[in-house]
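Thanks for making the time this morning.

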Amino acid sequence: QVQLVESGGGLVQAGGSLNLSCAASGTRFIFNGMGWYRQTPGKQRELVASITTDGNTNYGDSVQGRFTISRGSAKNTVHLQMNSLKPEDTGIYYCKVISFGYWGHGTQVTVSS
């Protein structure tokens, strides 16, 4: 059974940085598209960033230029470097295997003003 485990969330002041990590286990396959989504108060879950195995990336408009997604050296791992964080980035961040629809349980990110 595939499991996704996120880590790295927490509380940070506006302008600060956090690095999220996600590791998918329980499979011998290498997942192509993996990504990060977030659920912010009052809004629908939205794409933050995604990446394929050949390095193609896609970012949500609100995080372009501030966040960077990358694949880890271990199989089926993905990282999200978040810089210049804003209070509106507060929410629960979920890792997803896009092509199969597997979701992690989420990690809370809180940015104080």
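When I say that two residues touch, I mean that they have heavy atoms within 4.5 Å of each other. Please keep in mind that what you see is a predicted model.

With that cut-off, and leaving aside residues up to four places away in sequence, Tyr-93 touches Glu-6, Leu-20, Trp-36, Tyr-37, Arg-38, Val-48, Phe-67, Leu-80, Met-82, Gly-106, Thr-107 and Val-109. Tyr-93 also belongs to the largest nonpolar core, a set of 26 residues in which Trp-36, Leu-80, Met-82 and Tyr-93 itself have the most contacts. Two or more residues of this core come from each of β3, β4, β5, β7, β8, β9 and β11, and β3 supplies the largest share, with 4 residues. As a general remark, nonpolar side chains in soluble globular proteins tend to be buried together.

Let me turn to one pair of strands. β7, residues 67-71, and β8, residues 77-82, run antiparallel and are joined by 5 bridges, with Thr-68 standing opposite Gln-81. Their hairpin has 5 residues between the strands, and there Asn-76 takes a positive phi near 60 degrees.

Finally, the chain as a whole: it has 11 strands and 0 helices. Its radius of gyration is 13 Å, close to the 13 Å that the globule rule gives for 113 residues, so the chain is as compact as a globular protein of that length. Of those 113 residues, 41% count as buried, and among contacts between residues at least 6 apart in sequence, 54% join residues at least 24 apart.

Technical notes. Residues numbered from 1 in each chain as written. Predicted model: local features only at pLDDT ≥ 70, side-chain atom pairs only at ≥ 80, totals over all residues. Heavy atoms only, no water. Pairing = 2+ DSSP bridges. Core = buried A, V, L, I, M, F, W, Y, C linked by side-chain atoms within 4.5 Å. Buried < 20%, exposed > 50% of the residue type's maximum accessible area, 1.4 Å probe, protein only. Rg over C-alpha atoms; globule rule 2.2 N^0.38 Å.
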